[in-house]
Every structure is written in structure tokens, then in C-alpha cells.
Amino acid sequence: MDTSDLFASCRKGDVGRVRYLLEQRDVEVNVRDKWDSTPLYYACLCGHEELVLYLLANGARCEANTFDGERCLYGALSDPIRRALRDYKQVTASCRRRDYYDDFLQRLLEQGIHSDVVFVVHGKPFRAHRCVLGVRSAYFANMLDTKWKGKNVVVLRHPLINPVAFGALLQYLYTVASKPGTCVKVLTIEPPPADPRLREDMALLADCALPPELRGDLGELPFPCPDGFNSCPDVCFRVEGCSFLCHKAFFCGRSDYFRALLDDHFRENEELEASGGLPAITLHGISPDIFTHVLYYIYSDHTELPPEAAYDVLSVADMYLLPGLKRLCGRSLAQLLDEDSVVGVWRVAKLFRLARLEDQCTEYMAKVIEKLVEREDFVDAVREEAAAVAARQETDSIPLVDDIRFHVASTVQTYSAIEEAQQRLRALEDLLVSIGLDC
């Protein structure tokens, strides 16, 4: 079980394993064990300073004058850990996920992955992407379509254009995060939108990539894009006869699957698109509607995902190595939880290693366990979990049962709640006895 692995790794100080569990398996950083202890508490207690700093930077809670904060502080093994706790500034899980997307955009700028234009400012080169510049600035959209059209290298010699300032301007266009103290007033340029608009602007690239038959009410190009804007696609994905005109920089930067498909050993599958001579890749096992969700996620880190589409998108997100999209699917599937669906959703969560969704399912099961024990699908799930424990002995436990027991116990806050929790636990125990798993 991932949560047990997380607690064990924190006690050992295994930063790499903890990083994997939090970032790849999406385990909740503030999860509690049966002793009401958090991963951060064990890292503090065992004196693992590097791990403490990592947990604090990734959303671990330890506010002053709270149970968790005081417990971590008094249990800390060393003074450096105590100082780190006192300097604590909370970073939420949503901020952490946002940073993944921002880091991608930063790499896109710094590494110039699949850049298609180079600006030379007083001898200093800057690699950039026409699609990003055009969608973020009406000035660049106009210049790239007129004076700079067809140019792979643009030389800027104006005395007012400083290389440092131009670099800050590009930083602003890609990430809306200029370095303090730098000046971005280097060109007569329409100011980029505020920070909340960054993803909306990038989503316009997905709008432009849609084939005409899927645009619906979006209308003709350039949609809300600046007049004359050309997204300058450099790859075409063919999905059931539909052509999506996309950008390698985004697909390779966001997915190792597409990086291998486009950059490495699948070039023999390329065809030349008759219109524009773009390399075209045919994708199998996916519908245009489902690929549209992938498209918007890759460009903007978000997609409007109805619960009924979440199963299909989840399967594709797993194949295309998009863990963030898998998490979005998990949040959408969590909306489906009821007595009839919870076991099925739990199975999906285990299959695709969505630890948070799995935990949400077992928490819901704990609330309705008295009804679930009468359902055949739940009984089958318990049996399968027991069978999965290799060479089961009397001291072995069933993970699904353990999780439900934990959530039942965690709801106990009043005396009346104790009686209710005992009734739920008795219903679960009676089921185990009836199917011979009471050991």
C-alpha cells in the first residue's frame, strides 16, 4: 500500500522514494496513520533534514499553535530541523501541481526545444517559438506574419533594445514571471495578459489545432487569437480521419510517449501531409473527441472533463504518460461515487495507480459499509484482495479492509459516533467471518 510505503520511507529518510510516491503516485502528503502521525512528523523525529525540507516545500502542514506543528517541532531531532519548521511557509498541493506546468514552460524557453525562430539582439541569440509569441502578444503575431514572416533568424539592432531586457520580456511571455528589478519596456508591445490568463492563452493553440469538423461553435480561425495570427504548426496527428495541426515543442515537452514518438525511434511511421508538407503521425486506439481532451491538457494543463468521459480519457492518459491528466480523471471519477459505483471506481483507481482516488473510494465505503457488505461486487473485491496477499498467514491483513477500518475509526469524534463506528466495524467483521477471512 502506497501510504504505508510513504511512512516507511519517511522513517528511513528515503527522499527519492518519497518524491516518487508524492509526484508519481499522487499520495496525499498529509495522510495520517493509525497513531494520527503524518509523514512530516516521522521525518522530523528521525532527523532527516533534507526530507523535511522537501516535504515542507511540497505541501506538508505544520502551522504554529496547531497539533501537527507543535508535535513536529517538539519531536524534531535536530536544531536545523526546528529552524526549518519555524521558517515554514505553506505550499498547497494545487500550487505544487501548478509548478509542474510552469517548469515545463520555463524549460521550453531556456532549452529552446523545437524552437522555430531565433532573435539575435546585439549579438546575443534567443531561441523562441512563434506559436507562443503570437498567441501571447498581438505585436509579435503581427510582426511574425509581416516583417518577420518566413525568417528563421530575426536580427534586432535598435539601441533601445537591450539583451537583458529582451530576455526578461521573453520570460514574461512564457511564464509571466520576470526577474525582480528588470525592465520589460523594450518594445512598443501590447502588455501580455495577467497570470490567470496564461493557460487561457495557451488553450488558444489547442483551438487552432482542432480540425474544422470539431470546432463546433468556435467559428473560423483565428478564433479569439490576434488578427492574422498563424500558430505555425509543425506536426499533424491523424485520428480517425481528423487532422490535428499541433506543435512538437508542447507534445514532446509534456509527454515522454510523444517525445519518443516524434524525436526518437518512430520516424519511419511519418508521412508527409499533402497540405503544408507537415510530418503526419496516425494515432490508433483513440477517438477524436478523446484526443481533444489530451490536446487541451497538453497545451493548457486543463481540460473540461465530464465524468462520463473520464474512463476513456484515463486509459489514454496512462498510455501517453500524462500523470497530471490521470489526476484530473481521478477527480472527475470521484464525482461518480455512490453505492452502486464505488467498487468499480475503486478497481479503476487500483488499476491505474490513482492513490488519492483509491483513498476516496475506501473513505466512501466506510460510510456505507453496512450496505456494501450485502453486495456481491464488494464481497468479490474483498476476496480478491485477500488472495493477492502472498502466502497469507494469520497475522496478514487485507489492504482494502484495513483502509475501511481506518476511515471508520477516523470519523469518531463523539460518544455517539463511537457506537455508530462499532456497528460499521461489526458489519465488516461479520462479513469476514461469513467468507472465512476472519483471521
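Ring pairs join Y101, F104, F237, F244, F250, F251, Y257, F258, F291, Y299 and Y320 into one cluster. This is a predicted model, and across it the count of aromatic pairs comes to 22.

**Two ring pairs to find**

- F250 and Y299 make a tilted aromatic pair, with 4.7 Å from centre to centre and 40 degrees between the planes.
- This pair links distant parts of the chain, since F250 belongs to helix α12 (residues 248-254) and Y299 to helix α14, 49 residues apart.
- Both partners, F250 and Y299, are buried.
- F258 and Y320 also form a tilted aromatic pair, at 4.7 Å centre to centre and with 55 degrees between the planes.
- F258 sits in helix α13 (residues 256-263) while Y320 sits in the loop between α15 (307-319) and α16 (323-333), so their pairing ties together parts that are 62 residues apart in sequence.
- F258 is buried, and Y320 is buried too.

- If neighbours within four places in sequence are set aside, F250 is in contact with F104, L105, L108, C131, V132, M202, L205, I298 and Y299.

**A charge over two rings**

- The charged end of R254 sits over the ring of Y297, 4.7 Å from the ring centre.
- The charged end of R254 also sits over the ring of F104, here 5.6 Å from the centre.

**Where α11 meets α14**

- The axes of helix α11 (residues 198-209) and helix α14 come within 8 Å and cross at roughly 145 degrees.
- The crossing of α11 past α14 is right-handed.
- On the α11 side, the residues that meet α14 are R199, M202, A203, L205, A206, D207 and A209.
- On the α14 side, their partners are L295, Y296, Y299 and S300.

Methods:
Residues numbered from 1 in each chain as written. Predicted model: local features only at pLDDT ≥ 70, side-chain atom pairs only at ≥ 80, totals over all residues. Heavy atoms only, no water. Contact = heavy atoms within 4.5 Å. Phe/Tyr/Trp six-rings, centres within 6.5 Å; stacked < 30°, edge-to-face > 60°. Helix = DSSP H or I, 4+ residues; strand = E, 2+ residues; numbered from the N terminus. Buried < 20%, exposed > 50% of the residue type's maximum accessible area, 1.4 Å probe, protein only. Lys NZ or Arg CZ within 6 Å of the ring centre and 35° of its normal. Axes fitted to C-alpha atoms, helices over the stretch in contact; angles between N-to-C directions. Left-handed = near helix turned anticlockwise from the far one by under 90°.
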